[in-house]
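Here are some notes for your reading of this model. Please keep the structure open while you go through the points.

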Amino acid sequence: HVRGFREGPGDSIIVNSNSRDYYVLQPYHRCGNINVRLSVAIRPRGNNYICEGYDADLYVPGPLGEEYCPVRAIRKLTPAEVTALRASRR
């Protein structure tokens with residue numbers, strides 16, 4: 001369950017699944033214009049669980065419609081990284 005997301009380092013996005021768990025999703029290739037002010041859809045592959053890279057695809061709006069971007073890596077942020085992330089929002 002995704003509660004929110006924001007731009008991450010490089011071409012990645014950071015996904016918040018609850019009040020304390022954040023994950024970095026890294027697309028396999030440059031994914032158009034991942035811009036958190038627009039919508040981003042995350043679709044699991046196969047079942048309804050996303051546990052590691054290649055378990056999900058990102059869909060972002062593009063000039064010709066939705067652009068499909070496979071996720072190659074997923075990493076959970078450490079508690080220290082979450083604290084730094086929250087501090088950067090202030």
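1. A residue counts as buried when its relative accessible area is under 20%, as exposed when that area is over 50%, and as partly exposed in between. The model discussed here is predicted. Aspartate 21 has a relative accessible area of 12%, so by the cut-off of 20% this residue is buried.

2. What does aspartate 21 form a salt bridge with? The partner is lysine 76, and the closest N and O atoms of the two are 3.1 Å apart. Aspartate 21 sits in the loop between β2 (13–16) and β3, while lysine 76 belongs to strand β6 (residues 65–76); the pair links distant parts of the chain, 55 residues apart. Lysine 76 is partly exposed, at 44% relative accessibility.

3. The whole structure holds three salt bridges. Another of them joins arginine 45 to aspartate 57, with 2.6 Å between the closest N and O atoms. Arginine 45 lies in the loop between β4 and β5 (56–62), and aspartate 57 lies in strand β5, 12 residues apart. Aspartate 57 is buried at 7%, whereas arginine 45 is partly exposed at 30%.

4. Arginine 75 and glutamate 81 also form a salt bridge, their closest N and O atoms being 2.9 Å apart. Here arginine 75 is partly exposed at 41% relative accessibility, and glutamate 81 is partly exposed at 29%.

5. The largest pocket has a volume of about 470 Å³. Its lining has 16 residues, and His1, Val2, Val15, Ser17 and Ile50 lie nearest the centre. By type, the lining residues are 12 nonpolar, three polar and one charged.

How values were computed
Residues numbered from 1 in each chain as written. Predicted model: local features only at pLDDT ≥ 70, side-chain atom pairs only at ≥ 80, totals over all residues. Heavy atoms only, no water. 1 Å grid on protein atoms, 1.4 Å probe; cavity = no way out; pocket = protein on both sides within 12 Å on 5 of 7 lines; lining within 4 Å. Points joined across faces, edges and corners; volume = space filled by probe spheres on them. Nonpolar A, V, L, I, M, F, W, Y, C, P; charged D, E, K, R; others polar. Salt bridge = Lys/Arg side-chain N within 4 Å of Asp/Glu carboxyl O. Helix = DSSP H or I, 4+ residues; strand = E, 2+ residues; numbered from the N terminus. Buried < 20%, exposed > 50% of the residue type's maximum accessible area, 1.4 Å probe, protein only.
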